[in-house]
Amino acid sequence: MTSETPPAIDVRGLVKRFGTKTVVDDVSIRVETGEIYGFLGPNGSGKTTTIRLLCGLLTADAGEGTCLGLDIRRQSAEIKRQVGYMTQKFSFWEDLSIAENLDFVARMYGLPDRRRRVAGALDRLGLSNRRTQLAGELSGGWKQRLALAACILHEPRLLLLDEPTAGVDPKARREFWDEIHRLAGEGLTVLVSTHYMDEAERCHRIAYIAYGTLMAHGTVEQVIADSGLHTRLVAGEGLHRIAATLEGQPGVEMVAVFGSRLHVSGTDAAALDLALAPWVGRPELRITGTDPTLEDVFIHLMNRSTDNFR
Ligand SMILES: Nc1ncnc2c1ncn2[C@@H]1O[C@H](COP(=O)(O)OP(=O)(O)OP(=O)(O)O)[C@@H](O)[C@H]1O
């Protein structure tokens, strides 16, 4: 990943409308080659649609740019050949083994040198020992891995993964992400949509989209810093009562209880501290400043976008 390498994705001002509804609104994204780029946002915010615009499955109503150095409007057929796209709802032939499924996919796409490609994909994703296992017998995590193997069979340069780990347990998700990092280490660029905060934290950079608008992007640390959000941590007794009192007060934008801690956040630090002042100095409570979490920031951005949308 050097600055001389051309970006894997470089698009500007993308717009997509379905009927009268604008679902992608002036979105610009630049993803460097070899980078793992996380794409986050509430349900229906336009992530899948943006991914489809990038790989030429949909045509933008406005905007321009390149994917793998190819024009997203004029060279979509060539882009598709070089991109591996894992959709939200992938499916297998349950009564075929892992290797047979991959061989079937390779045949379907008319890939030359099938044996080598299938063996390579099995090897890269640690599936070789399970090659004869029926796809229908695999747990969720191994199914995702098989889907990923199917995506890399044609040796793409860019992976577009649309919520690849939805509903998968934490250990399997972690292992799936280890694989993503291994693939990125081999030079693949990965754009991955997710709703999981821990996954966002494993990306080199992230973007947050809401109602079709890109609201934040950068490293996790940048996105947190750029949010302008301040958070105070309240620990101690009676947090639910305190939360109920703080809710809706000037300066308090968000209140959330996490077990024995309360996160209170707002963009105006002075107003936030004023709202908390009645509880400061109480022996049963401890109030400290803390960095907002990525989740705090996303909920803040989501609230802000809802306000704009009304
Ligand atoms: N082909 C289509 N025709 C009409 N509306 C569509 C079409 N595809 C998507 N939409 C709408 O566009 C909006 C954005 O959908 P999209 O699937 O891109 O969101 P998303 O961020 O991927 O959501 P999720 O996190 O739930 O997967 C939604 O309101 C959806 O209903």
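Reader: How many helices and strands does the chain have?
Author: The chain has 11 helices and 14 strands, where helices (H or I, at least four residues) and strands (E, at least two) are DSSP runs, numbered from the N terminus. This is a predicted model, in which local features need pLDDT of at least 70 and side-chain atom pairs count only at pLDDT 80 or more, while totals for chains, interfaces and linings use all residues. Residues are numbered from 1 along each chain as its sequence is written.

Reader: And what box do the C-alpha atoms fill?
Author: Taken along the principal axes, the box is roughly 70 × 45 × 40 Å. The chain is divided into domain 1 (9–224) and domain 2 (230–291), with bounds that come from an automatic or database domain assignment, and the C-alpha centres of the two lie 39 Å apart.

Reader: What does UniProt list for residues 9–236?
Author: An unreviewed UniProt entry lists those residues as "domain: ABC transporter"; UniProt positions are given in the numbering used here, feature names are shortened, and annotations may be inferred rather than shown by experiment. Over residues 9–236 the chain is 34% helix and 29% strand, with the end C-alpha atoms 48 Å apart.

Reader: Which residues have the most contacts inside the largest nonpolar core?
Author: Val190 and Tyr208 do, in a core of 70 residues, a nonpolar core being a set of buried Ala, Val, Leu, Ile, Met, Phe, Trp, Tyr and Cys residues joined through C-beta atoms within 7 Å. The largest share of this core, 8 residues, comes from helix 5 (residues 140–152). Apart from this core lies another, of 10 residues, among them Leu246, Val255, Val264 and Leu276.

Reader: What does Tyr208 touch?
Author: Not counting residues up to four places away in sequence, Tyr208 touches Leu40, Gly41, Met215, Ala216, Val223, Phe298 and Leu301, where two residues are in contact if their C-beta atoms, placed from the backbone, lie within 7 Å.

Reader: Now the ligand, which residues surround it?
Author: The ligand is surrounded by Phe18, Val23, Gly41, Asn43, Gly44, Ser45, Gly46, Lys47, Thr48 and Thr49; a residue is near a molecule if its C-beta atom, placed from the backbone, lies within 6 Å of it. This shell divides into 2 nonpolar, 7 polar and 1 charged residues, with Ala, Val, Leu, Ile, Met, Phe, Trp, Tyr, Cys and Pro counted as nonpolar, Asp, Glu, Lys and Arg as charged, and the others, Gly among them, as polar.

Reader: Which helix gives the most to that shell?
Author: Helix 1 (residues 47–54) does, with 3 residues.

Reader: Why is helix 1 described as largely enclosed by the rest of the structure?
Author: Helix 1 is described that way because 6 of its 8 residues are buried, namely Lys47, Thr49, Thr50, Ile51, Leu53 and Leu54. Just after helix 1, Gly56 takes a positive phi of about 85°.

Reader: Which residue other than glycine has a positive phi near 45°?
Author: That is Glu163, which lies in the loop between strand 7 (158–162) and helix 6 (170–185) and counts as partly exposed because it has 19 C-beta neighbours inside 10 Å. Leu68, also not a glycine, has a positive phi of about 55°; Leu68 sits in the loop between strand 4 (62–67) and strand 5 (70–71), and it is buried, with 23 other C-beta atoms within 10 Å.

Reader: Where is Gly228 found?
Author: Gly228 is in the loop between helix 8 (220–226) and strand 11 (230–236), and it is partly exposed, with 13 other C-beta atoms within 10 Å. Although Gly228 and Asp268 are 40 residues apart in sequence, they are 8.5 Å apart in space, C-alpha to C-alpha.

Reader: Last one, is Ala277 buried or exposed?
Author: Ala277 counts as exposed, because it has 10 C-beta neighbours inside 10 Å, and its place is in the loop between helix 10 (269–276) and strand 14 (285–290). Ala277 and Ile287 are 10 residues apart along the chain, and their C-alpha atoms are separated by 9.9 Å.

Key
Buried ≥ 20, exposed ≤ 12 C-beta atoms within 10 Å, placed from the backbone.
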